[in-house]
Amino acid sequence: MGAERESQNSNRTRVEVLRLGHRPDRDKRITTHVALVSRAFGASGIHVDTKDIRLEQTIASVNDQFGGDFSINTGISPRSIMNHFRGTIVHLTMYGEKVDRVIEDIPEGEDLLIIIGSEKVPREVFDLAHFNVSVSNQPHSEVSALAIFLDRYFRGAQFEMDFPGGEISILPDGRGKTVKQGNDVTLDPKRNGLMDRRWNEVPDPDECLEILSSAGCSTVVIKHSRVVYDLGMEMVRRSEKVTGTAVKDIDIARLSAGLLLHDLGRSRTHSIRHAVIGAELAVMIGLHPDVVAMIRNHVGGGLPASEAVELGLPEVDLIPLTWEEKLVSHADTLVGNLRRRSLDRALQRLEKEGAEKGMERIIALHAELEDHLSIDLDPLVDG
Ligand code: SAM
């Protein structure tokens, strides 16, 4: 075995954590800490057995702020994860073998699934695991057990990991807090194999999803994109049903690509620059100019050049002009992280973020789309 294992920045192995027995009402804080330790100590993602949208949102916003593409899935079947996992399964339990005795036996170069419990862990987990490992034979906590196991496993290499694309990065400082705003964005389209094949100018939905994952978008971004896609397509379909005719000036194939790819740039940054960066990536991989425009102009119901420049963006209008661009932008506004939200909720959120200028534009866009589609949009997002 080599002196150092590779942490998540290497493509060689993937370490995932499976959290059993999560109770959103009682374990909110501790499971959040389990996820934060997993992320900070080199794992690529976490699966949590009970559905917890708030937990997913918390981790997504940590990624937004501090970078990286740590993934989180909640409400999954632990049995299915364990049965389908191809790699080594380690279960952390005070009853297991001592960590320092077994750590060298865990195969290198294989993916790793680390299971941690909360209360009583079912017997079958002990049987399914390749290794039942203790971090001392005294009871303590899943957070400490996980942190120490990951540290032993990566042998400190996890602290050299990069978290690209965050809004801020912390520069080590022995005397105080040094925070760098922004984070250098690597546009390099060769990263993650985005340039390894030729994409269609207007990719179909399956191809769009391949583009997002080749670009390195996180599972949360991909899920969000699907929700925006479903909503945008439903707006058009509802309009067609009500009016009995196709919606004027909308090319469905292009619209569907724009809805799915609007956050392509989040593979590089979660800051507001993601729209411009995503458009640049889209040009580089040869997407249709109309799809590029949908990606570039989707943020906040549109940004005039004067506001764009204040936000550190190029001094150009980033305003949705075509009906397709308007639909992409507004469907994105009406989806929070992974769920649809009413216009009022979206506006409250903007107000909280201090983006009052965008509120009027969004109200106008809502009315304009209702008029063009001849439908009431509220029932699609309420309740
Ligand atoms: N009696 C439980 C057990 O099986 O370890 C302790 C439950 S503890 C509250 C929750 C989780 O923390 C356990 O399922 C285990 O994953 C982890 N844990 C706690 N103490 C541990 C230890 N000494 N070694 C390894 N894991 C531990």
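In what follows, Ala, Val, Leu, Ile, Met, Phe, Trp, Tyr, Cys and Pro count as nonpolar, Asp, Glu, Lys and Arg as charged, and the others, Gly among them, as polar. By that scheme, the shell around the ligand divides into 8 nonpolar residues, 8 polar and 1 charged.

Before I go on, a note on the model. This is a predicted model, in which local features need pLDDT of at least 70 and side-chain atom pairs count only at pLDDT 80 or more, while totals for chains, interfaces and linings use all residues. Residues are numbered from 1 along each chain as its sequence is written, and side-chain values use heavy atoms, with hydrogens and water left out.

Now the chain as a whole. The protein chain has 16 helices and 8 strands; these are DSSP runs numbered from the N terminus, helices (H or I) of at least four residues and strands (E) of at least two. Its radius of gyration, taken over C-alpha atoms, is 23 Å, close to the 21 Å from the globule rule for 383 residues, so the chain is as compact as a globular protein of that length. The rule is 2.2 Å times the number of residues to the power 0.38. Of the 383 residues, 52% count as buried, meaning under 20% relative accessible area with a 1.4 Å probe, protein chains only.

Back to the ligand. Which residues come nearest to the ligand? Of the 17 around it, they are Leu 92, Gly 117, Val 135, Ser 136 and Gln 138; a residue belongs here if one of its heavy atoms lies within 4 Å. A backbone N or O atom of Leu 92 is 2.6 Å from a ligand oxygen atom. For Gly 117, a polar backbone atom lies 3.1 Å from an oxygen atom of the ligand. Ser 136 places a backbone N or O atom 2.8 Å from a ligand nitrogen atom. Taken alone, the ligand exposes 530 Å², and the protein buries 85% of that (Shrake-Rupley method, 1.4 Å probe). Strand E4 (88-98), strand E6 (131-134) and helix H6 (142-154) each give two or more residues to the shell, with the largest share, 4 residues, from E4.

Last, one residue in detail. Glu 16 sits in strand E1, residues 15-19. Buried or exposed, at 13% relative accessibility? Glu 16 counts as buried. Its side chain makes polar contacts (N or O atoms within 3.5 Å, one able to donate a hydrogen and the other to accept it) with the side chains of Arg 14, at 2.7 Å, and His 47, at 2.8 Å.

Terms used
Buried < 20%, exposed > 50% of the residue type's maximum accessible area, 1.4 Å probe, protein only.
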